[in-house]
Structures are given as structure tokens and as C-alpha cells.
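Dear colleague,

Please find below the structure that I am handing over to you.

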Amino acid sequence: EFGFEVEVSPDDVVIYNDFCDDDLRGDDDAVNKFRTWYTETLYDQLIEHMAKLGYTFIDENDGSGGGLHYGAMLFRKAVHAAAK
């Protein structure tokens, strides 16, 4: 349903990241810094922050390409993730 490999439960949290902007196309420094942040930092920061809130990272999907950056991450309360 959401493009994840696992079933999404009603109490799960899904975070959609959607940076679809034609101005991001190209190879200038600002675009390259953004791509580096998106591909190497964003997901790790979200996982770290959600862990502080008691959630475990379960799955992700990424539809990025051609200057468009978007995807989704699935988190589950740690107590529920351990039970499944």
C-alpha cells in the first residue's frame, strides 16, 4: 500500500520526504550539497531523532531520480517492533 516490504500498522509513523523542485537539477555546489545531505544525512538524522522518541526504523522506499528527491520511511514503537 505504501511501497514498503512490511504491512503498515495503524499506530506506525510514516514520514514522507518530498523535495520535487525543478531548480534542483544541475551540478552546481548548492545542488551537490543538497544531494549529499539528502542521500547521506537526512535518513540517518530521522532515524536518530525517531529513536529518541521511542520508535524503531522498519523500512524505507526511495523514488528519487532525475533531480527529484522523494521517498518514505516507516517507524514503529520499539515495544511493538520487538513483538513482531
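The notes that follow take up the helix, the aromatic rings, the strands and the charged pairs in turn.

Please bear in mind that this is a predicted model, in which local features need pLDDT of at least 70 and side-chain atom pairs count only at pLDDT 80 or more, while totals for chains, interfaces and linings use all residues. Residues are numbered from 1 along each chain as its sequence is written, and side-chain values use heavy atoms, with hydrogens and water left out.

Helix H1

Helices (H or I, at least four residues) and strands (E, at least two) are DSSP runs, numbered from the N terminus. H1 has 24 residues and spans 33 Å from its first C-alpha to its last, close to the 34 Å expected at 1.5 Å a residue; the expected span is 1.5 Å times one less than the number of residues. A kink of about 45° is centred on Thr 41, where the bend is the angle between axes fitted to the seven residues ending at a residue and the seven starting there. The buried residues of H1 are Val 31, Phe 34, Tyr 38, Leu 42, Tyr 43 and Met 50. Here buried means under 20% relative accessible area, exposed over 50%, and partly exposed in between (1.4 Å probe, protein chains only). After H1 comes Gly 54, with a positive phi near 90°.

Aromatic rings

The whole structure holds four aromatic pairs. Rings of Phe, Tyr and Trp (its six-membered ring) pair if their centres lie within 6.5 Å; planes under 30 degrees apart are stacked, over 60 edge-to-face, and the rest tilted. Phe 34 and Trp 37 form a tilted pair, because their planes stand at 45°, with the ring centres 5.7 Å apart. These two residues are three apart in helix H1 (residues 29-52), a separation of about one helical turn. Phe 34 is buried, at 17% relative accessible area, whereas Trp 37 is partly exposed, at 29%. Ring pairs link Phe 34, Trp 37, Tyr 38 and Tyr 43 into a cluster.

Strands E2 and E3

Strand E2 (residues 55-62) pairs with E3 in the antiparallel sense over seven bridges; at least two DSSP bridges are required for two strands to pair. Phe 57 stands opposite Phe 75 in E3. Strand E3 (residues 68-77) is largely enclosed by the rest of the structure, because seven of its ten residues are buried.

Charged pairs

Side chains of opposite charge can pair when their charged atoms come close. A salt bridge is a side-chain nitrogen of Lys or Arg within 4 Å of a carboxyl oxygen of Asp or Glu, and by this rule the count is two. In one of them, Arg 76 meets Asp 12, with the closest N and O atoms 2.7 Å apart. Arg 76 lies in strand E3 and Asp 12 in the segment before strand E1 (13-20), so the pair ties together parts 64 residues apart in sequence. Both Arg 76 and Asp 12 are buried, and the relative accessible area of Arg 76 is 5%. Lys 52 forms a salt bridge with Glu 48, the closest N and O atoms lying 3.8 Å apart. Lys 52 and Glu 48 are four residues apart in helix H1, about one turn, and Lys 52 is exposed, at 65% relative accessibility.

With kind regards
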